[in-house]
Amino acid sequence: MEEVKRIEELRTLLEKLSYEYYVLDHPSVSDQEYDRYMQELIALEQKHPECYDANSPTQRVGGAVLEGFEKVEHRRMMLSLGNVFNYEELVAFDERVRALEPDVRYVVELKIDGLAMSLIYRDGRFVQAVTRGDGTIGEDVTSNIKTIPSIPMRIDEPGEVEVRGEVYMPKASFRRLNSEREANGEELFANPRNAAAGSVRQLDSTVCAKRGLDAFWYYFVNAQEHGIHSHEEALEELSRLHLRVNPLRRCCNNVDEIWAFIEEISARRHELPYEIDGMVIKVDDLNAQTRLGTTVKVPRWATAYKFPAEEVTT
Ligand SMILES: NC(=O)c1cc2c(N)ncc(C(N)=O)c2s1
């Protein structure tokens, strides 16, 4: 039937337009045209309830208000990171790594100040979002995470795919939210991380949808099962799958290259449209990561350089 075909056509088109707008930041149509397609799809889906699909672009917002969040056990622990606070501690980290991996190469990324999140896709469809929780048991916040427009509801990858990253509140969203709360005489959020955590914990997803959250993805779980051999390749694969990956990263061969990048980012971090609280330094080669392994709570193949605390109010 023509209309049913048109429904699938519009779903695919609207996902592509969302990707261009929210991930590439390079829309190919006007907002008005996007809205016209969305209205056409809403009307057709109402005429054809037999075509209902929870992953349709029309289903991102407005599911039922929840009583609470289901607990979910992570397939793999969501580890936290060890920290280093200065050059000397960074040298010590590098020496410990080089003791086992003499010709190591690192990837250095920004440490986004948000909340860790796990996304599960099955046969190319988004199925679940789970918070870190205690690292082993998290909470199912799927209905809220679906409202983040840069997160694809479909990916071009069969089987089970888990990606992890950080959900955060951009500085502009934070300023807007707090000025609205001030106008309503409500308590203000202390910082974007708290505001993001509070938004993801909303039982009514229409509230979360208005908070202007976003996310960066930086970890392809079971990457090696998908033929990926390095962290940099994993990030490129996440981008190919239309996940939003932070381009501000650098491959470094030694501590001095890492430190140069840390100083470069530290100098411009206040210009960034989101908060960061440090940098993440990871061994790039995935086999080397496996050889280095993890301690009880943190990997030996990664660390976080933390910027000195500052009293600047955001
Ligand atoms: N706890 C963790 O393992 C991480 C936490 C974070 C974070 N907050 N931001 C960026 C990264 C990254 N690019 O790897 C990581 S990794």
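Reader: Which helices and strands each supply at least two residues of the lining of the largest pocket?

Author: The general idea first: rolling a probe the size of a water molecule over the atoms shows where empty space is left. In this predicted model, the strands that each supply at least two lining residues are β3, β4 (115-122), β7 (160-168), β8 (214-221) and β10, and the helices are α8 (231-240) and α10 (286-292). The largest share comes from β8, with six residues.

Reader: How many residues line the largest pocket, and which lie nearest its centre?

Author: The lining has 43 residues, and those nearest the centre are Leu-79, Tyr-218, Tyr-219, Lys-282 and Trp-301. Sorted by class, the lining holds 24 nonpolar, 10 polar and nine charged residues. The space inside comes to about 1000 Å³.

Reader: Where does the ligand sit?

Author: You will find the ligand in the largest pocket. Residues around the ligand include Leu-79, Tyr-218 and Lys-282, and these three are also among the lining residues nearest the pocket's centre.

Reader: Which strand gives the most to the shell around the ligand?

Author: That is β3, with four residues. Both β3 (106-112) and β10 (276-283) supply at least two residues of this shell. By class, the shell has six nonpolar, one polar and five charged residues.

Reader: Which residues have an N or O atom at 3.1 Å, 2.9 Å or 3.2 Å from a nitrogen atom of the ligand?

Author: Take them one by one. For Glu-109, an N or O atom of the side chain is 3.1 Å from a ligand nitrogen. With Ile-112 the atom belongs to the backbone, and the distance is 2.9 Å. Glu-166 again uses its side chain, at 3.2 Å from a nitrogen atom of the ligand.

Reader: How much of the ligand's exposed area does the protein bury?

Author: Taken alone, the ligand exposes 380 Å², and the protein buries 89% of that.

Definitions and conventions:
Residues numbered from 1 in each chain as written. Predicted model: local features only at pLDDT ≥ 70, side-chain atom pairs only at ≥ 80, totals over all residues. Heavy atoms only, no water. Near = heavy atom within 4 Å. Polar contact = N/O pair within 3.5 Å; in protein donor to acceptor, adjacent residues only side chain to side chain. Areas by Shrake-Rupley, 256 points an atom, 1.4 Å probe, with all protein chains shown as cover. 1 Å grid on protein atoms, 1.4 Å probe; cavity = no way out; pocket = protein on both sides within 12 Å on 5 of 7 lines; lining within 4 Å. Sits in = over half its atoms within 2 Å of the grid points. Nonpolar A, V, L, I, M, F, W, Y, C, P; charged D, E, K, R; others polar. Points joined across faces, edges and corners; volume = space filled by probe spheres on them.
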